[in-house]
Amino acid sequence: MRAVVVQEDKTVKVEDKPVPKIGPNEILIKVIAAGLNPTDWKGVQKRASPGAIVGCDAVGEVILLGSDVPPSEVKKGEIRWLFVMGAASPENGAFAEYVRTPWDVTSVVPSNVSPHQAASFPVPLSTDVLALYGQLKIPQYPEQAPKDTWIVIWGGASATGQYAIQLAKLSGLKVATTASTHRWDLLRGLGADVVVDYKDPDVVAKLKEATNDSISLGYDCISEGGTIQKTQEAFQPSGGKLITTLFDLSNLPRPEVQTEYVLAPLTLGLPVQFGPIEVPANPDAKAIYVKWCNLLPSLFADGKLLPIDIEILDGLESVAKGMELLKTGKATKKIVFSIA
């Protein structure tokens, strides 16, 4: 098969690789579309070994089932979306013609969602599910939060942010978020109650004023350049709990705001290592994600969740271009690659 592979000089190149062999609880997917995330280019630059296959998010047709995969749960020919650890193995990754994955951390793509739209789901939604339900402990739909429970979602126009806004609204939360002014209508359409320009020097004061200084929950989808500190500062006087998507929790101004980072790969039931950070496998994180893998298709099918806007680039050869667009901040929509 053809796959995007890390090179010695930390670039990527399309090479031939063997088709992955599946285990008893795994399925083999023929990839139709693959989604690009910041972790993809960061993985190539910071942690991947030469020869590793890049890419975390894929959508494709099930072509082979492992011996222990229940045929009542997964069928050949289904179109499913999945999340794998990209840039971590010379044998498996999403930016390839075929990818293997445990069957229970995949979801069927509903008929009203295209495979390319679904390629925007896996990393953003797995991150959101763990952050919101596993760590912030917000009620899981259809349960509802107490009236006027406020969450601030910093970086609402990011893929992670757009899906987080929708999930928080499904659980009955009031949502305040930040974005450039030209994205305000989009985020209001997804359910945001308050939107403030993140570049506004008074962004924190405006968030506090608009929410009657009652923010008790937070989710920073950017987590660099001072956003963690600003998100903390937007909380109510008594504090609350904040989840970040990156790991530098130094120099935080408010100890009464409990702050911790989210690690999406824990949803796969795997231990996680990013540089000096080592976290053991978390069965509870996987259990929450498996539950939502079963629930999410119906929420998209019923229009309770909406896919985000995407930009489609053609072929594995366009991965390097897509990474550069994302790395330099020139991507205006979620980038998805058309593979087959």
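Is C56 buried or exposed? C56 is buried, and its relative accessible area is 4%. This value, like the others below, comes from a predicted model.

**Cysteines**

A disulfide is a covalent bond between the sulfur atoms of two cysteines. With a cut-off of 2.5 Å between cysteine sulfur atoms, the count for this model is zero disulfides. C56 takes part in no disulfide, as the nearest cysteine sulfur, that of C293, lies 15 Å away. For C221, the closest cysteine sulfur is that of C56, and the separation of 17 Å is too far for a bond. C221 also counts as buried, with a relative accessibility of 11%.

| Cysteine | Nearest cysteine sulfur | Distance |
|---|---|---|
| C56 | C293 | 15 Å |
| C221 | C56 | 17 Å |

**Domains**

The domain assignment divides the protein chain into domain 1, made of residues 2-120 and 308-338, and domain 2, made of residues 126-265. Taken over C-alpha atoms, the centres of domain 1 and domain 2 are 28 Å apart. Seven residues from domain 1 and nine residues from domain 2 form the contact between them.

**A pair of helices**

Two packed helices are described by the angle between their axes and the distance between the axes. Helix α1 covers residues 38-46 and helix α9 covers residues 319-327; they pack at about 100 degrees, and their axes are 9 Å apart. The two helices, α1 and α9, are therefore roughly perpendicular to each other. On the α1 side, the contact is made by P38, D40, W41, V44 and Q45, and on the α9 side by M323, L326 and K327. Five of the residues in this contact of α1 with α9 are nonpolar, one is polar and two are charged.

Notes:
Residues are numbered from 1 along each chain as its sequence is written. This is a predicted model: local features need pLDDT of at least 70, side-chain atom pairs count only at pLDDT 80 or more; totals for chains, interfaces and linings use all residues. Side-chain values use heavy atoms; hydrogens and water are left out. Axes are lines fitted to C-alpha atoms, for helices over the stretch in contact, and angles run from 0 to 180 degrees between N-to-C directions. Helices (H or I, at least four residues) and strands (E, at least two) are DSSP runs, numbered from the N terminus. Angles under 35 degrees count as roughly parallel, over 145 as roughly antiparallel, 65 to 115 as roughly perpendicular and the rest as oblique. Contact means heavy atoms within 4.5 Å. Ala, Val, Leu, Ile, Met, Phe, Trp, Tyr, Cys and Pro count as nonpolar, Asp, Glu, Lys and Arg as charged, and the others, Gly among them, as polar. Buried means under 20% relative accessible area, exposed over 50%, partly exposed in between (1.4 Å probe, protein chains only). Domain bounds come from an automatic or database domain assignment.
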